[in-house]
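Biologist: Please show me the protein, and then let us go through its parts one by one.

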Amino acid sequence: MKNINQVQKFNINTNYLYDDFYENHKAGKGKDLIGNLGIIRYNFMDEIYQYEMEILKLHKDKDYEILNLSLTYCNFDIYLANQLENITIYSIINNLIDYHRCKQKIESLDLSDRIKIFYSKYSDISNIFKEQKFDRIVLLESIGKVKNRFEFCGKIKNLLKNEDSFIYLKTIVFKDLILDEKLNKNIKNELFEKQKYMISFWNYNFGTNQAIVNDLHKSEFTSIKMKSIPIYYLFFTYNIEDILNALKLYFVDLGMGINNLQNWYILFTLNLSHFIIQ
């Protein structure tokens, strides 16, 4: 996964059914997808954000301003600040309870001068940072929370500082089975219903890689590179902590039991995708 180098092109033959469903559905009492599935460790003892840190290519002899739009309860911000002293991190948090929790956590660690958080919607990003530009913009498992993704992509494009700046986007997407000609219509309909249930349950637009790529192209990004793998590959890299967190997520946070497992085979239609965008 470290080599995110597959150049992505616009494709008119794209499935937007997931995007349309998410845009029109009303958020219910579902759970938030907060970094629960997309954990990558090349070694069992790797730190939880070590992979993402390597992707950002930050050097100790240069100052950086980073815009973090990730759903990590500020844990990623704190990890970055503890790794390097030459960075200032700006974060938007769109949940008031999470905002106050993060603020308290950052203040207790004496990092308020290096991690600056704002309570707002992602759609207001242009108003918050009218003059500010960033060396890196990071979206970890958050692009699926964005309504009107195309408009949002145009806004963050204008926030990149220079030609060396880039956006790092990590998200979980559906493998596009709707356009798979090998599957019959009944199977496709059943899969689509299960996938819609997941979108509603998580309040997250899993969408497809190509739908995201098309929005980035329409926003006039000139370089879009991606690497994507089936999410079940990650299960073989999980350490004991990850396994326990996954069990807690399923049995405690989600309140599921053994009898509910038949509803979750749809997880095997998910891919974990990484984008480098300029």
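**Helices and strands in turn**

Biologist: Which residues of α8 are buried?
Modeller: Buried means under 20% relative accessible area, exposed over 50% and partly exposed in between, with a 1.4 Å probe and protein chains only. Helices (H or I, at least four residues) and strands (E, at least two) are DSSP runs, numbered from the N terminus. By that cut-off, the buried residues of α8 are Asn209, Ala211, Ile212, Val213, Asn214, Asp215 and Leu216.

Biologist: What kind of model is this, and how are residues numbered?
Modeller: It is a predicted model, where local features need pLDDT of at least 70, side-chain atom pairs count only at pLDDT 80 or more, and totals for chains, interfaces and linings use all residues. Side-chain values use heavy atoms, with hydrogens and water left out, and residues are numbered along each chain as its sequence is written, from 1.

Biologist: Why is α8 described as largely enclosed by the rest of the structure?
Modeller: Helix α8 covers residues 209-218. It is largely enclosed because, of its 10 residues, the number buried is seven.

Biologist: Which elements do the buried residues of α8 pack against?
Modeller: Packing here rests on contact, meaning heavy atoms within 4.5 Å. The partners of the buried α8 residues are α1 (17-24), α6 (149-157), β6 (166-174), β7 (224-230) and β8 (270-277).

Biologist: How many residues of β6 are buried?
Modeller: Phe166, Tyr168, Lys170, Ile172 and Phe174 point one way from β6, while Ile167, Leu169, Thr171 and Val173 point the other way. Both sets are buried, so β6 is largely enclosed, and the count is nine of nine.

Biologist: Which residue of β6 stands opposite arginine 136?
Modeller: Two strands pair if DSSP finds at least two bridges between them. Strand β5 (residues 136-140) runs parallel to β6 and is joined to it by five bridges. Opposite arginine 136 stands phenylalanine 166.

Biologist: Within what arc do the buried residues of α4 fall?
Modeller: In α4, the buried residues are Asp98, Tyr99, Cys102 and Ile106. The arc is that of the directions from the helix axis to the C-beta atoms. These residues line one face of the helix, because seen down its axis they fall within an arc of 100 degrees.

Biologist: Which exposed residues does α4 carry on the face turned away from its buried side?
Modeller: The buried side of α4 packs against β3 (87-93) and β4 (115-119). The face turned away from it carries the exposed residues Ile97, Arg101, Gln104 and Ser108.
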